[in-house]
Amino acid sequence: ASLSPAVIAKIRVLFQVYEEQEVEVLDVQQQVGGYDCGLFAIAFATEWAFGCDPNQAQFDQLKMREHLLECLQEKKIEHKEEVSSLGRFTWRVQTS
């Protein structure tokens, strides 16, 4: 994926990134539709917070909103590894 020069310029201003520093675009799971960008932003930030690679994360988008609500109600976010129905690892925040 690549960013337009205008987007890169805005990122540099926002994060005070100097010209010689690079902006890296991660190859992460893309959301379906236009309403869950906040959920994905929180999920990717959680991946980083737990020391995991967001590039390897696969989320069940249909369950994310309900799950985030449960996490907020419980005031607890944990990271749990689960095997998805596709047979690969799914990383997501999970309450106990």
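What share of the contacts in the protein with a separation of 6 or more comes from residues 24 or more positions apart? Such residues account for 44% of these contacts, where contact means heavy atoms within 4.5 Å. The model is predicted: local features need pLDDT of at least 70, side-chain atom pairs count only at pLDDT 80 or more, and totals for chains, interfaces and linings use all residues. Residues are numbered from 1 along each chain as its sequence is written, and side-chain values use heavy atoms, without hydrogens and water.

The protein has three helices and two strands. Their order from the N terminus is α-α-α-β-β. Helices (H or I, at least four residues) and strands (E, at least two) are DSSP runs, numbered from the N terminus. Areas follow the Shrake-Rupley method with a 1.4 Å probe; for residues, only the protein chains shown count as cover. Of the 96 residues, 25% are buried. Buried means under 20% relative accessible area, exposed over 50%, and partly exposed in between (1.4 Å probe, protein chains only).

The loop between helix 1 (5-15) and helix 2 (37-49) holds Val-25. Val-25 is partly exposed, at 34% relative accessible area. With Leu-3 and Val-7, Val-25 forms a nonpolar surface patch of about 180 Å² accessible area together. Patch residues have over 30% relative accessible area and no salt bridge, and nonpolar side chains (Val, Leu, Ile, Met, Phe, Trp, Tyr) are joined within 5 Å. A salt bridge places a side-chain nitrogen of Lys or Arg within 4 Å of a carboxyl oxygen of Asp or Glu.

Asp-36 also lies in the loop between helix 1 and helix 2. Asp-36 is buried, with a relative accessible area of 11%. Beyond its neighbours within four places in sequence, Asp-36 contacts Gln-31, Gln-61 and Arg-65.

Note on methods:
Patches are made of residues with over 30% relative accessible area and no salt bridge: like charges are joined within 9 Å, nonpolar side chains (Val, Leu, Ile, Met, Phe, Trp, Tyr) within 5 Å.
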